[in-house]
Amino acid sequence: MADTLIDDVGGLLRQAADQVVVPLFRKLDDSDVAEKAPGDIVTVADRRAEEMISAALRELRPGSVVVGEEAVAEDRGLLRHLRDGGDVWIVDPIDGTANFAAGRRPFALMVALLSEGRPAAAWVLDPLADTLATSRAGEGTYVDRHRVRTDESTPEFGHLRGMAMTRFLPTATRERVNAGGDRLGELLPGQHCAGREYLDILVGRQQFALFWRTLPWDHAPGTLLVECAGGVARRFDGADYHPADEGHGLLVAASEQIWNDVSAALLDG
């Protein structure tokens with residue numbers, strides 16, 4: 001029997017978007033939004049979508065474990081499963097919740113699958129743009145069913161375009177990043193939606209993205225998508241990224257050369 005996992009999870013994300021998320025966009029009341037930590041909000045749509053997605057994922061892979069953003073907010077002990085054997089799903093029901101709650105775009109729905117502790121598959125859906133990116137380790141990355149490669153062309157140094165989320169950076173690092181941006185080309189402030197940043201690398205709208213916070217649901221899907229398309233996702237010190245690793249700093253680039261150029265310009269001073 002054919003393995004339909006990629007289509008099954010992609011269809012599930014579209015269903016959650018159509019039935020739960022998009023109908024509540026710009027329709028939230030004050031009572032539908034809460035602060036789960038200082039500066040970190042959650043909406044009724046996040047919770048409902050995660051419940052729906054998590055239940056369906058468990059049915060797709062009986063015995064699997066789901067590590068969802070909202071579930072972890074209630075029980076951080078769930079993070080221990082990111083090093084488990086077997087199948088572990090990582091779910092971000094709405095990436096870009098602040099945008100969603102304010103009635104702004106972009107926002108995304110994201111899922112990654114770890115198998116025996118290794119990234120195995122990923123999905124990112126921007127429902128308003130109707131863009132779905134999917135990947136399976138060793139099988140390439142597809143955007144709306146078209147295979148994409150991020151490393152097919154490299155703009156010259158000085159003509160690169162990318163995002164640096166500087167808000168959370170340590171002061172010295174933020175100063176280096178801001179000072180080096182002009183040398184690269186165009187340094188963007190970010191869209192407050194990691195999923196959209198990864199999609200923009202895949203479709204060539206930008207060549208890199210720099211993050212400080214590296215929560216697994218924000219980056220497990222996108223890093224696999226970019227890597228399977230020929231790109232690179234590494235910590236600032238060059239170490240490989242894994243969603244179970246604690247720490248800060250992540251630089252994602254469309255190719256090895258771009259990663260090296262951006263790292264030298266923004267991080268090495």
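This is a predicted model: local features need pLDDT of at least 70, side-chain atom pairs count only at pLDDT 80 or more; totals for chains, interfaces and linings use all residues.
Local features need pLDDT of at least 70 and side-chain atom pairs pLDDT 80 or more, while totals for chains, interfaces and linings use all residues. Residues are numbered from 1 along each chain as its sequence is written, and side-chain values use heavy atoms, leaving out hydrogens and water.

**The sheet**

Seven strands form an open sheet in the order β3-β4-β5-β6-β7-β8-β9. The pairing is mixed. Strands here are DSSP runs of E with at least two residues, helices are runs of H or I with at least four, and both are numbered from the N terminus. Two strands pair if DSSP finds at least two bridges between them. At the edges stand β3 (65–68) and β9 (146–148), each pairing on one side only. On average, neighbouring strands are turned by 20° against each other, direction ignored. Seven antiparallel bridges join β5 to β6 (residues 118–126). Leucine 113 stands opposite alanine 121 in β6.

**Two helices on the sheet**

Helix α6 packs on the sheet and touches β4 (87–95), β5, β6, β7 (131–136), β8 (141–143) and β9. Contact means heavy atoms within 4.5 Å. The direction of α6 makes about 95° with that of β6. Axes are lines fitted to C-alpha atoms, for helices over the stretch in contact, and angles run from 0 to 180 degrees between N-to-C directions. Nine of the nine residues of α6 (residues 194–202) are buried, so this helix is largely enclosed by the rest of the structure. Buried means under 20% relative accessible area, exposed over 50%, and partly exposed in between, with a 1.4 Å probe and protein chains only. The buried set includes Arg196, Glu197 and Asp200. Glycine 204 follows α6 and has a positive phi, near 85°.

Helix α7 lies across β4, β5, β6, β7 and β8, at about 100° to β6. Threonine 223 belongs to α7 (residues 216–228). Its relative accessible area is 5%, so threonine 223 is buried. Leaving aside residues up to four places away in sequence, threonine 223 touches Tyr198, Ala233, Tyr241 and Leu250.

**Nonpolar cores**

A nonpolar core is a set of buried Ala, Val, Leu, Ile, Met, Phe, Trp, Tyr and Cys residues joined through side-chain atoms within 4.5 Å. The largest has 45 residues. Among those with the most contacts inside it are Leu202, Phe208 and Val262. Valine 262 touches Leu160, Leu184, Phe208, Leu251 and Leu267, not counting residues up to four places away in sequence. A second, separate core of 30 residues includes Leu12, Leu13, Phe25 and Ala49.

**Aromatic contacts**

The whole structure holds six aromatic pairs. Rings of Phe, Tyr and Trp (its six-membered ring) pair if their centres lie within 6.5 Å; planes under 30 degrees apart count as stacked, over 60 as edge-to-face and the rest as tilted. Phenylalanine 25 and phenylalanine 107 have ring centres 5.0 Å apart and planes at 55°, so this pair is tilted. Phenylalanine 25 lies in the loop between α1 (5–24) and β1 (33–37), and phenylalanine 107 in the loop between α4 (97–101) and β5 (108–115), so the pair ties together parts 82 residues apart in sequence. Phenylalanine 25 is buried at 11% relative accessibility, and phenylalanine 107 at 1%. Ring pairs link Phe25, Phe100 and Phe107 into a cluster.

The criterion is CZ of Arg or NZ of Lys within 6 Å of the ring centre and within 35 degrees of the ring normal.

| Charge | Ring | Distance from ring centre |
|---|---|---|
| Arginine 213 | Phenylalanine 168 | 4.2 Å |
| Arginine 234 | Tryptophan 259 | 5.5 Å |
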